[in-house]
Amino acid sequence: MANSDYTAALNYFQLAKNEGYTDSELDEMILIVEKYTEAESAFNEVDMDGTREALESIPESYKNYSIASDIDQLKTTIESAQEKIDAASSQKEAVYVAPNPPRNSVPAKASNTNVVATYYVVNCNQSITLRTSASEITKIPAGAYVTVDGRDVCDIIVGDQQSDNQILIMGAMHAREYITAQIVMRQLCDYLSIVSEEADGEYNSISKKALSEGITVHFIPMSNPDGVSISQFGLEGIANQSVRDFISSISNGDYEQWKSNAEGIDLNRNFNAGWDEYIGSAGPSSDKYKGKFPGSSYEAAGLIKLTEEYGFKRTISYHTCGALIYWYYKQIDTVLEQSKLFAQQISDETGYTLDSNYQAVDAAGYKDWAVYKMGIPSITIEVGNETGHGIINPVPISFFDSIWDRNKDVVYAAIYNLKASFPQPPS
């Protein structure tokens with residue numbers, strides 16, 4: 001029975017009661033229907049605690065009525081969801097970082113459309129849902145392309161997909177650098193709260209909400225979910241036995257330091273910018289293997305397709321471990337000028353040092369390709385060494401607060417820089 005039917009039945013029961021008809025069974029049915037409709041409404045609002053509380057208030061006698069099947073189905077759905085949340089929350093893969101964990105959902109509003117974002121965790125199974133016509137979740141690579149261990153790479157889009165002004169922010173391209181997934185997820189949480197007007201704030205004396213208008217931001221918290229799973233759980237993090245056997249055959253046993261995907265391809269060496277010249281590892285490895293050709297990995301191919309499809313105006317790739325910003329790779333003219341301004345804006349915001357010496361680091365990364373081949377002002381932000389303690393990978397979660405403090409307004413700094421580049425009307 002649809003919720004509207006139960007509401008109609010409840011109104012009928014209440015009318016009968018108001019007319020003076022009294023019966024203990026009638027009172028019981030009213031309570032059952034009231035609590036069920038309350039539970040279903042809470043569930044539709046992604047309020048798991050409210051759903052559970054309403055269901056627990058339903059008397060056991062509900063089993064005597066036809067509503068029982070609907071109540072049991074909702075109970076099963078909630079139990080299944082909770083099992084997934086509990087399982088993820090008990091493992092290192094859980095990277096849910098809402099401002100006040102364990103906040104289960106962020107109701108938001110964009111372009112006068114209600115947005116319901118459920119992100120209990122962002123983990124190796126990508127358990128995210130985001131439903132709205134203005135902001136939605138897509139999967140990259142599109143269609144049949146998934147990682148070799150069967151995971152999706154998720155692109156969470158906040159804003160109008162047809163906008164001319166789109167920004168990409170992504171993390172965890174290198175497996176052991178998964179703290180960057182937490183940073184990007186926290187940025188998503190914060191940005192949704194601004195777009196929804198649940199929170200407010202200013203950047204450079206401009207309302208963050210006003211700053212967000214006309215801009216679409218893509219968040220990819222975890223670009224390499226298979227690799228992250230390997231770094232966190234070793235072979236146990238991989239479901240496919242043949243993939244496990246392959247990883248075991250190319251590994252030295254130190255899975256925690258894994259950087260590549262589950263094919264042994266270093267994703268940030270798999271883009272067409274200095275790829276021919278780059279040597280790296282001779283074959284599949286935990287890091288530095290560039291693949292058979294640029295974009296040969298499913299993940300890199302998906303990012304290439306996504307970038308070409310949406311025509312990003314700015315991109316940010318998060319890595320560890322450092323406290324600096326890489327911004328240069330052979331770009332010239334307007335792209336060079338805009339890249340400098342973009343990098344400086346983010347440097348001013350984070351306090352990270354700018355580094356333009358591309359020859360001192362490995363080539364064939366996403367940022368290199370984006371600026372050199374696509375003409376998009378793009379940067380790589382290295383986080384994790386804010387206190388000068390040196391390079392540690394994976395970066396301990398105890399460092400999260402110091403990283404977040406530097407990066408909490410990076411999204412708004414990127415938007416501010418993009419809007420500052422717009423042609424100005426004649427005075």
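**View 1. Arg151 and Asp226, a buried pair.** Both Arg151 and Asp226 are buried (under 20% relative accessible area with a 1.4 Å probe, protein chains only; exposed means over 50%, and partly exposed lies in between). The two residues form a salt bridge, with the closest N and O atoms 2.9 Å apart. A salt bridge here is a side-chain nitrogen of Lys or Arg within 4 Å of a carboxyl oxygen of Asp or Glu. The pair links distant parts of the chain, 75 residues apart. Arg151 sits in the loop between strand S4 (135-140) and strand S5 (153-158), whereas Asp226 belongs to helix H7 (residues 225-233). Helices (H or I, at least four residues) and strands (E, at least two) are DSSP runs, numbered from the N terminus.

The model is predicted: local features need pLDDT of at least 70, side-chain atom pairs count only at pLDDT 80 or more, and totals for chains, interfaces and linings use all residues. Residues are numbered from 1 along each chain as its sequence is written, and side-chain values use heavy atoms, with hydrogens and water left out.

**View 2. Asp409 and Lys208, joined by a salt bridge**. Their closest N and O atoms are 2.7 Å apart. Asp409 lies in the loop between helix H12 (400-407) and helix H13 (410-420) and Lys208 in helix H6 (residues 208-212), so the contact ties together parts 201 residues apart in sequence. Asp409 and Lys208 are buried.

**View 3. The network of Asp149, Arg151 and Asp226**. Salt bridges with shared partners join these three residues.

**View 4. Lys63 and Glu60, an exposed pair**. Their side chains meet in a salt bridge (3.1 Å, N to O). The structure holds 10 salt bridges.
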